[in-house]
Amino acid sequence: MTIRKILIFTPILVIFFLLQSYFWVPTYEQQSRGNPNRLNEYITASIGDASILNPILSADSASSNINSMVFEGLIDRDEELRFRGRLARYWDIHEEAFFYVNEKANIPGVGKAGAKKVVELLKRAKAGDLPANDEVRASLANIEEIFIIPAREFLVTRHEKKTETDQEDTEVKIKVMAPNRINLVLSSVDQDLFQNLSLILGKDYFSSFNGENYLGVDQELGQKKRAEYAKEILPSTEHNPIVVFKLRPNVKFHDGHIFDANDVKFTFEAIMNPKNLSPRVADYEPVKEVQAVDPLTVRIVYKRLYSPALGTWSMGILPEHLLNDETLRDEANRVGKDPEKFSIRQSSFNRHPIGCGPFVFREWKSDQYITLNGFDDYWEGPPNYKRYIYRIIPDLLTQEMEFYAGTIDSYGVQPHQVQRLQNDPKYQGFSGLSLGYTYIGYNMRREPFDDHRVRMALSMAIDVDKIIKYVLHGQGERITGPFVKQTDYYNHGIKPVPYDPEGALKLLEEAGWKRNKEGWLERDGKRLQFTLITNSGNDLRKAILTIAQGAWKQIGIDVRTDLLEWAVFIQERVDKADFDALILGWLMGIEPDLYQIWHSSQTNPYQLNFVGFRNPQADDLIIKIRREYNYGRQVAYSHQLHEIIAREKPYTFLYVTKWTAVLDKKIVIKETDSKGNVVYKKIKPTKTGIYTFHFNKWIKLPEVPSFAPEG
Amino acid sequence: MLSFIGRSIIQKIITLFFVSVVSFLIIHLAPGKPSQVDPLNPKFTPEMVERFRKEFHLDKPLYIQYIYFYRDLLTGKTVSWKDNQSVLKKIWERFLNSLPLFIVGTILTWTLSFPIGIRSAIFRGGLYDRSSTFFSYLLISIPGFFFAYILIIFVVTRFHVPVIGMETFGLGASSWTHMVMDRIWHLLLPSVLGATGGIAILSRYVRSQMLEVESQDYVRTARAKGVPEEQVLYKHALRNALLPFVTMFGLILPGLIGGSVIIESIFSWPGMGRMAYEAILARDYPIILTVNFISAVLVLAGTFVSDVLYMVVDPRIRL
């Protein structure tokens, strides 16, 4: 009967056809042996897809990964995490400082003085005619030139809402009669300049200058508003740090166009253009002006002292010729969109980026892969790999399987797999510290956390080493303070708090907490009781929550715990500082700027110093660090700050996690030595643990190479 | 017949309108916000959030947003908030990727279920019937993702070949037969996994239909007049047992756009289901709503098609 035969044989045929395809698929070994091209390709995987391939607009890690391959910044960080020139060959940082002549102030030994007299005085002081201490002398020696900017009048218009409920802005015209101003050109940035000069010009010389006297406003304004305008338009003193970048000549974009200073200026303007909605506006807010002095010189003037700003120039540079107003207008007309509303954000450039990085964009299949080709004209020489493929594999286990099958070259190992994979002869493993840390924060506004002894005792009662051993499977290290552990800013002289429950009890007893009959700690009949919270959905934090609760209960503290959904946790508890103690983590940048997290001005609701840490000494250091341009001094200040925070224990600093990556062992570094011989070397991570640092020199070999042991 | 078609089209348009309103409301009232305007997203300052809100019309009342959205959709101008790509283009691309999975999965389901189910019905109560019942329930109750992981780990560690994605990466320039076969290999696992649940359910369904038809008078009559057993089963019984499956065929249609979220994510298959899932996570309203709207259209079209098919194959039914 035919129907029966059809019913039986069709599925058998279908299954047979599907199964035979197995014999056509290459295995792990065949992939690198039978196919020489495969050796020139590097394949890596990511959980999420990129969203926008434009360095000034991207905000997710996948996009940033690709952008860092396609685009190149002026500078980046070298093996020691110091800045090094990329598109910029070198740079120079100096400063121009300004102050208004305060004709009403009495200068010691001179009396009231005009601009000329002040300049004369400063010149005399510089020549050493006036008594001064070493610091003042250093500041004076740093001054290269002194100019007078003559008094001038100008008009400023501001738009102001008269009342909170006003819909329309009113125009406020302000007539400014600026007095004489003195411009000091300094050979290096000097944050103490005005403090030191006030020893010569008189203690109140700068602070008693009142800008309001020089403003004429055409409307009634409150006293507060006037003072605000005065401070903004006529600040008594001003620091303008200046960075001059000398650019590398003959660097080409992928389309052959030569890179120059205008591209840098354009990139900055594109970021600041409100139409583009760049998430990086805040980074560049301190920039006053970017000038293209000549095709190979860019001069960047800052509004104030803010040293972390230098790092922002690692941002990839956009090609001006492809994204300027004219080309955007053409594109808008071509695709039939309103040219007025059309911005870089809408441009097709974001899916076909062109930069001057080591790899050229080739293809992007959403949620599948992004491929890049090696750039033959790369200024540092073309990368060894001909192709870079970035696959999107949303599932970690399948990523692992693809790695075993040989269709991914690297795999980010999970903590519990490290033991097994690191010793596998087929792979080479790398491990390093990540940039974030996990902590328990105490609300210092509340009892009993306002007492330093209690915070110390709580830290002593937790065995962090055990947490690292059992919860993190050993993939973590202890941390004692808020700086990134692998940088110089971190003070390695500070020892972690030892695990000592007995000592903790003693400290608590000093603070007045004694054990009652039931074993709970008590003071004045009140139990030591609080709630420890964290967000749900993070298994590590949940484990720590339980461990901390258990450890503290053992010494007689009545700890309640609560897991909250992330949005509730942040909006209702953290932002409003409505908590006793919490477990959270910070992801840090390399820059040592701790203003937002630790400065006492940031303790209000919705700010990041939610534990309410206030310490005048720390405040002073935090400000000094962000104003300091000298690396050595910055490191010294950071060490001091680290010490204060470690001593005060607003947090119990727990640990920083380690990442581990495994690579196929066939991947090596290939270099050509001075005689033209090809040399293969083992891939070694840098001191700070970055193993991809020499990525452009990597290549895959058909067989696992064997290296002579290095002596 | 014509009046039936006219009536049902009007009814379906009304349903569609209500679906569009309800789905729009559900998405806008659900907790969470698009990542670009989420106040919890540290990358965006309040001013930028405000500007995004304006650009996405989120500052307008809901009914205006509704009109804007469906105006854009019907003129084909909707763009994804995530990457500014045209939504219809994105969906079409994904649809083409999901299509082979769907086709192979459907072929496997429909070709395998019938022989399995029919055999169970013929030897009901026997060892074969019992074990197939057991395996059917096993397959229905084991979660798909679990099964998928087991299969992947087994194949990769045993045979050392890649199974994830639509093709082997870095295959380079091989002959086209290699490429085609490679793609088929990559289709195999996800479509088998997608089909297992279907086979389990459908084969049960075939079995019960066959059993029901076999107890009918005309089957008994056929047997009584001495028609060979095979002819009784495959001509008299099977044909009548097939009737309800015709309606099911129409209902497969929405599966075209739904794809399979779990299987596609595990196999990193760039299909419809995964796109919709990721859009939901990012609260990419245009994509979610468009997919929703299209699947609503397909569901309605599917019911319509199965109604019409039923009329065609079963002359007893008149609507």
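Me: What should I know before starting?
Reply: Since this is a predicted model, local features need pLDDT of at least 70 and side-chain atom pairs count only at pLDDT 80 or more, while totals for chains, interfaces and linings use all residues. Residues are numbered from 1 along each chain as its sequence is written, chains are lettered from A and ligands numbered from 1 in the order in which they are written, and side-chain values use heavy atoms, without hydrogens and water.

Me: Why is H1(B) called oblique to H3(B)?
Reply: The axes of helix H1 (residues 2-29) and helix H3 (residues 62-74) of chain B come within 11 Å and cross at roughly 120 degrees. That angle makes H1(B) oblique to H3(B); under 35 degrees counts as roughly parallel, over 145 as roughly antiparallel, 65 to 115 as roughly perpendicular, and the rest as oblique. Axes here are lines fitted to C-alpha atoms, for helices over the stretch in contact, with angles from 0 to 180 degrees between N-to-C directions.

Me: Which residues of H1(B) and H3(B) meet?
Reply: Among them are Phe17(B), Val21(B) and Phe24(B) in H1(B), and Leu62(B), Tyr66(B) and Phe69(B) in H3(B). Contact means heavy atoms within 4.5 Å.

Me: Why does Asn384(A) count as buried?
Reply: Asn384(A) has 18% relative accessibility, so it counts as buried. The cut-offs are under 20% relative accessible area for buried, over 50% for exposed, and partly exposed in between (1.4 Å probe, protein chains only). Asn384(A) is found in the loop between strand E14 (369-374) and strand E15 (387-392) of chain A.

Me: What does the side chain of Asn384(A) reach?
Reply: The side chain reaches the backbone oxygen of Lys697(A) at 2.7 Å. A polar contact is a pair of N or O atoms within 3.5 Å; within protein, one must be able to donate a hydrogen and the other to accept it, and residues adjacent in sequence count only if both atoms are side-chain atoms.

Me: Why is His160(B) called partly exposed?
Reply: His160(B) has 37% relative accessibility, so it falls in the partly exposed class. Leaving out residues up to four places away in sequence, His160(B) touches Pro26(A), Thr27(A), Tyr28(A) and Val155(B).

Me: What marks out the phi of Lys649(A)?
Reply: Phi of Lys649(A) is near 55 degrees, a positive value in a residue other than glycine. Most residues other than glycine have a negative phi. With 11% relative accessibility, Lys649(A) counts as buried.

Me: Is Ser268(B) buried or exposed?
Reply: Ser268(B) counts as buried because its relative accessibility is 4%. Its phi is near 40 degrees, a positive value in a residue other than glycine.

Me: What kind of peptide bond joins Glu447(A) and Pro448(A)?
Reply: A cis peptide bond joins them, with omega about -5 degrees. Pro448(A) is in the loop between strand E18 (436-442) and helix H14 (452-460) of chain A.

Methods:
Helix = DSSP H or I, 4+ residues; strand = E, 2+ residues; numbered from the N terminus.
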